[in-house]
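Visitor: I would like to learn how to read side-chain features in a structure. Please take me through some cases.

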Amino acid sequence: MRTSSVRAGLTALLVATGVLAGASGAQAQAQPAFAKTYLNTVVTQWTHWTPDAENSSHAGTLYAGRNYFYCWTVGQLYHANGRSSQIWLKTDDDTGHRNVWVNDVNLDEWGYYHDQSALPHC
């Protein structure tokens with residue numbers, strides 16, 4: 001009896017936090033709203049639908065300069081600008097795509113070393 005009540009409580013918690021979605025999938029679709037945090041990028045770069053650098057996930061372009069980001073996650077290891085990182089930042093690009101990813105190696109020095117403290121984890 002105790003096992004089934006613990007299991008029911010865990011299932012309710014997973015559904016409430018969006019980890020386990022109901023049959024409609026509505027909770028899986030809902031994403032938390034993050035505030036925009038501005039950081040500087042040093043190069044114009046491709047954006048990606050997923051946190052990786054694969055050609056198949058290419059979405060659009062993010063121009064160098066002051067750009068906003070929502071949050072960060074861990075993804076594919078990427079090398080550029082003499083840096084390596086698995087940290088990918090969610091943004092909207094300059095070619096009209098929303099909720100796309102860029103790697104943090106293309107941030108200026110301050111942003112590269114502080115992005116995880118400046119942004120929430122996705």
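Visitor: With which side chain does the side chain of Thr41 make a polar contact?

Guide: First, the ground rules. This is a predicted model, where local features need pLDDT of at least 70, side-chain atom pairs count only at pLDDT 80 or more, and totals for chains, interfaces and linings use all residues. Residues are numbered from 1 along each chain as its sequence is written, and side-chain values use heavy atoms, with hydrogens and water left out.

Guide: A polar contact is a pair of N or O atoms within 3.5 Å; within protein, one must be able to donate a hydrogen and the other to accept it, and residues adjacent in sequence count only if both atoms are side-chain atoms. Here the partner of Thr41 is the side chain of Asn67, at 2.9 Å.

Visitor: Is Thr41 buried or exposed?

Guide: Buried means under 20% relative accessible area, exposed over 50%, partly exposed in between (1.4 Å probe, protein chains only). Thr41 has 6%, so it is buried. Thr41 belongs to strand β1. Strands (E, at least two residues) are DSSP runs, numbered from the N terminus.

Visitor: Which residues is Thr41 in contact with, leaving aside its neighbours within four places in sequence?

Guide: Contact means heavy atoms within 4.5 Å. Among the partners of Thr41 are Leu62, Tyr63, Phe69 and Leu107.

Visitor: How many aromatic pairs are there?

Guide: Rings of Phe, Tyr and Trp (its six-membered ring) pair if their centres lie within 6.5 Å; planes under 30 degrees apart count as stacked, over 60 as edge-to-face and the rest as tilted. The count is 4. One of them joins Tyr38 and Tyr68, edge-to-face, with 5.8 Å between centres and 70 degrees between planes. Tyr38 is in β1 (residues 37-41) and Tyr68 in β4 (residues 65-69), so look for a link between distant parts of the chain, 30 residues apart.

Visitor: Why is the pair of Tyr68 and Tyr70 edge-to-face?

Guide: Because their planes stand at 70 degrees, with centres 5.6 Å apart. Ring pairs link Tyr38, Tyr68 and Tyr70 into a cluster. Tyr70 is buried at 10%, while Tyr38 is partly exposed at 39%.

Visitor: Which charged end sits over the ring of Tyr68?

Guide: A charge sits over a ring if NZ of Lys or CZ of Arg is within 6 Å of the ring centre and within 35 degrees of the ring normal. For Tyr68 the charge is that of Lys36, 4.2 Å from the ring centre. Arg66 lies over the face of Tyr38, at 4.2 Å from the ring centre.

Technical notes:
Helix = DSSP H or I, 4+ residues; strand = E, 2+ residues; numbered from the N terminus.
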